[in-house]
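Thanks for asking me to look this over with you.

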Amino acid sequence: MPDLMIILLAAIFLPLFPLSMVFNALFDKLKYAWLRVLVLIAWPLIGVLIVVKSNSSFPEWIPEWVIPLALSTSLLYSLRLLTLRDVNQWSGFLATSLWALLWLPLVQGASVNLLVWFAIGMSLPLVLLVLLSAFLEKRFGAAYTGLYGGLARTVPRFTAILITVIAAAVATPLFPTFFILFDMVVETLSIMPLAAMVLLVIWLLLSWAGALLVQGLIVGRESKVKVADFNYATIGLFSIALLALMISGIYTGMVIL
Amino acid sequence: MEQLIILVAVLPLISAVLIQLFDGHLGRSTARLSVAITTLSFLLSAVLLVMSLTGSESLSLQLGNSSVILLFDPLGTLLATIILGISLIVHLYSVRYMAEEAAYGQFFVLLDLMTAALLFMVVAGDLITLVIAWYLVGVLLYFLLGQDTRSQIAYRFAFWTLITYRIGDLPLILAAALLFNAYDTWSLSIIFNEITTNPDAHQFLGFSLTDVVAALVGLAAIARSAQFLLHTWLPYTMDGPTPVSALMHAGIVNAGGFLINRFAPVFVNSGDVLNMLFVVGLLTAIMGSLLMLTQNDIKKALGYSTMGQMGFMIMECGIGAFSLAIYHMFAHGVFKGTMFLSAGGVINNARDNDGIPKDELYTFAVEKQPNKVRKPWILMVAITLAVPLVILVLAHLLIAEDYFQKQGAVILLFFGWVTGAQLIFATYRMRTQNIWRMVGLSVLSLVVVVLGYVFISHAFDLFLYPDPAFRAQLYTAASIDILRFDVLVVITTLIIVSGWVVTYYSEQAGYRRQKNKHLWLNFYALISREFYVTDIYTRLTRLILSVSGRLNVWLRWL
C-alpha cells in the first residue's frame, strides 16, 4: 500500500484533522456505554499497529509534516474541549486530542510495547469516564454540565470518583497520562523544542477543560430530585480500578523516566 | 534513620488513606486521628531538625531502584518542620471550625494530602518527585479552596488559582526536561555537582543551559508566589475556609522562595536571572503595598499584603540573600497565619466591644489626623535619617565586618533604613503630649527588631549555607556594575526623601488643596481597578472561550 494511503488510514485511528471527525462522528452515534468502551480501547491500538506494521522501514517512512498536523489537531481539540458540555462528546474530544500526540513517539521510533501502553494508558481514564457518564444518563437523563449541577451534595460518593477520573484523564500525577505526557516533553524537547512548547500548551488547556467539567457538574446546590448514589460495591470497583491506574502510572514513570 | 525519614514523609499520606477508608465509621473522630498523626510527623521532623542543627550530615534516601530520592538537608529538614508545625496548628484549628461542614472527613483527607504534597516538595531529592509534588499542590489547593461545593464564587476563584499554578508548572517541567537531557539523571545532587564543576558545559538554543534553567525555575517561582501579573488569584481566593487561607498565606504561597533556594547552585551561576528576580520582586512589593492601602475589603487587603511580602521575598533572592528569604517566609508565615486564624475571634469579640482605645495612636493611624506642625523639625529630620542608619550599621558590624562589601547587603540596609526612618518620621507626626517619649519608644523597638532580625537571619545563613565562599558567590552573582548601582541608590534615595518632603508640605497645606486633584483621582481609579489586570485576563478568557465555541459550531461539534 502506498505510504500516503497508509497515512490517511492511520490518520483516522490516530486522529489527524480533518479525518479526526470520523472518530468523533462515530463516537457520537454510539448509544451503548460498552460500545464506547470498546472503541476507546481498540481505536488507537489499530492506529498504532497500522503505522508500525504496514511498512518495514518504520519510523523513517512517516513524513515530517505529520508532526505539525498532529500537534495542531491535538491543540484544536483541546481548545474545543473548553466549551463542550456533553460528557460523552468531551470524552471523544479528549481522546482525539491525546491520541493525536501518539504521533510524537511514533516518529521518534518508540518500541511497539511502549506505544501500545501509551495508547491504553491514555484511554483507560476515558473508559471510566464513559461509564460514569452512563450513570449520569441513567439517573438524570443526560450527562451534561451546568444542567443540574450540585452533584457533590446530591451524590457525594459518585462525585469523589468522578473528580479522580477527570483528574486522571487530564494528566494529573500520578496517573499514566501524566507520565506519558511528561516523557513526551522530555523526548521531544531536545529535538523539537517548539513542539515541546506546544505540548505544554495542550497540557494546560486539558487542565483548564478538566476544571470546567468538574465545576459544571459538581458545584451548586443540592438537587431537589432524590437520586441514588453509588453503592459501596460500585465504589469499591471504581476505587480498585483507580488504584490500579495509579499504580500502573507510577510503574510507567519508573520504567520510562 | 531511614525509617524515620520515610515515616516523616509518609505519615500524612497514611492519615489521608485511613480517613478516606474509615470516614463513615469514625465520624468526627477522623479529625482526632488526623491531628494525632500530624503531631507524630511533626515531632519526628523536629528530631531530624535537631540532629541537623547539631551538625549531623544531610540524609538522602533512594526508594528502591526508582528515581525517587528523599533529601533531608538543612533546607528540606527546616521547611519540613515548619510545614508540619503550621499544618498541625491548622489541623487543631479546623477540628472545631469545620465541625458544621458536610464534608468534614473529606476536608481532613485533603488537608493531609496537601501536607504530604508540601513535604514531598521540600524533601524531594530528584526532579520527578519535585515536579509531581509541585503540580499536586496546585490541584489540592483547588479542591481545598472549593470546599464549599455550593459556592460558584469559591470555585471561580479556586480556578484562577489552579490555572495560575498550572502556568507555573510548565516552566518547571521544561527545566526538569532540559536538565535530564543534559545530565542524564533526575538526581538533584548529581546535577548540582555537575553544574558547580562546569556551569557552562551545556547550551540550549544558543544560550547557557544554566541561565535558561534559572529563568524557567524563576518563572515557576514567580507564578507560585503571586508576583505581579500572576498575582490576581491571591487576593480573590478568600471564599475558601479560613484554615485553608491560613495554610495558603502561611505556607503554600511561599513555595517560590523555597524553589529558588533549592536551585541555588544554578542561580549562583545566573546573575542576570537574579537581577530579573530582583526587579520582579521589587515591582510586586510596590504594587502589592499600593493595592493593599487602597482596599476597603479587609480580606483583600490581607491578600495584597501577602503579595507585597512575597515581592520582598523574591527580591531578597534577587539580591543573593537566599537564606533571608527563607527566614522571611517563616516569619511572614507565622505572622499571617496568626492573623487569619485569629480573625474569627476578633470579629466575635468586636460584636460586643470594638476594643479600640480612642487615644493618640487611634487618631493618627485610623482617623489619619497627624500633627501638622511640630518643632524642632530640623533636629527631627536629622534623627529620622541618622538613627536608623546607625542602628543598622552597628547591628550588622556585630555579625560580619565585610558585610558592607556586598551590594545585596547594602540594598537590604537601604530598605531597613527607609523603614526605620518612616517609623520615626510617622511617630513624630503623632498628636501626643510627650513626643520624645514616643520617639524613644520607636527607636527602642527598632533596635530590638533590627538586632533580632540580624542575628536570626545570620543564624539561618550559617545553617542553610554553611560554606562562606558559596554565600559570597551568591551575593557576587547578584551584583551589578558599581557605578550603575551607586546611581540607582542615589536616585531611589532622592525619590523617597522627596516623597517625605512632599507629604510633609502637602499635609501642612491641607490635603484638599492639591493642584493636581484630577490626576490623583485618575490614579486612584486606576489602583481601585487594580490596574485592570483582572479585567484584561477576564477579557482574554472570554475571547479564548468564544473562539472555542465558534470552532465547535463551524466544525459541527465533530
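1. Let us begin with the hairpin of strand 1 of chain B and strand 2 of chain B: six residues lie between the strands, and Gly64(B) takes a positive phi near 60°. Strand 1 (residues 59–62) and strand 2 (residues 69–72) of chain B run antiparallel and are joined by four bridges. Leu59(B) has Phe72(B) as its bridge partner in strand 2 of chain B. Strands count as paired when DSSP finds at least two bridges between them. Helices (H or I, at least four residues) and strands (E, at least two) are DSSP runs, numbered from the N terminus.

2. A word on conventions before going further. This is a predicted model, in which local features need pLDDT of at least 70 and side-chain atom pairs count only at pLDDT 80 or more, while totals for chains, interfaces and linings use all residues. Residues are numbered from 1 along each chain as its sequence is written, and chains are lettered from A and ligands numbered from 1 in the order in which they are written.

3. Now for chain A as a whole. Chain A has twelve helices and zero strands. Its radius of gyration is 18 Å, close to the 18 Å that the globule rule gives for 257 residues, so chain A is as compact as a globular protein of that length. (The radius is taken over C-alpha atoms, and the rule is 2.2 Å times the number of residues to the power 0.38.) The C-alpha trace of chain A spans about 60 × 35 × 30 Å along its principal axes.

4. How do the two chains meet? In chain A, 33 residues are in contact with 32 residues of chain B, where contact means that the C-beta atoms of two residues, placed from the backbone, lie within 7 Å. On the side of chain A that touches chain B, two or more residues come from each of helix 2 (20–29), helix 4 (66–81), helix 8 (151–154), helix 10 (176–189), helix 11 (193–218) and helix 12 (232–256) of chain A. Helix 11 of chain A gives the largest share, eight residues. By class, this side of chain A has 21 nonpolar, nine polar and three charged residues. Here Ala, Val, Leu, Ile, Met, Phe, Trp, Tyr, Cys and Pro count as nonpolar, Asp, Glu, Lys and Arg as charged, and the others, Gly among them, as polar.

5. Within chain A, have a look at helix 7 (residues 112–140) and helix 10, which pack at an angle of about 140° with their axes 8 Å apart. Helix 7 of chain A and helix 10 of chain A are therefore oblique to each other. Axes are lines fitted to C-alpha atoms, for helices over the stretch in contact, and angles run from 0 to 180 degrees between N-to-C directions. Angles under 35 degrees count as roughly parallel, over 145 as roughly antiparallel, 65 to 115 as roughly perpendicular and the rest as oblique. Phe118(A), Gly121(A), Met122(A) and Pro125(A) of helix 7 of chain A make the contact with Pro176(A), Thr177(A) and Ile180(A) of helix 10 of chain A. This contact has five nonpolar, two polar and no charged residues.

6. In chain B, the axes of helix 2 (residues 29–53) and helix 3 (residues 74–97) come within 9 Å and cross at roughly 155°. These two helices of chain B are therefore roughly antiparallel to each other. Residues of their contact include Phe42(B) of helix 2 of chain B and His91(B) of helix 3 of chain B. By class, the contact divides into 13 nonpolar, eleven polar and no charged residues.

7. Another pair to check is helix 8 (residues 209–224) and helix 11 (residues 255–262) of chain B, whose axes come within 7 Å and cross at roughly 165°. That makes helix 8 of chain B roughly antiparallel to helix 11 of chain B. Among the residues making the contact are Arg224(B) of helix 8 of chain B and Leu259(B) of helix 11 of chain B. The contact has seven nonpolar, two polar and one charged residues.

8. Finally, some backbone details. Most residues other than glycine have a negative phi, and most peptide bonds are trans. Phe531(B) has a positive phi of about 60° although it is not a glycine; Phe531(B) is in the loop between helix 22 (517–528) and helix 23 (533–554) of chain B. The peptide bond from Phe17(A) to Pro18(A) is cis, with omega near 5°, and Pro18(A) lies in the loop between helix 1 (3–13) and helix 2 of chain A. The bond from Pro173(A) to Leu174(A) is also cis, with omega near 5°, and Leu174(A) lies in the loop between helix 9 (156–169) and helix 10 of chain A.
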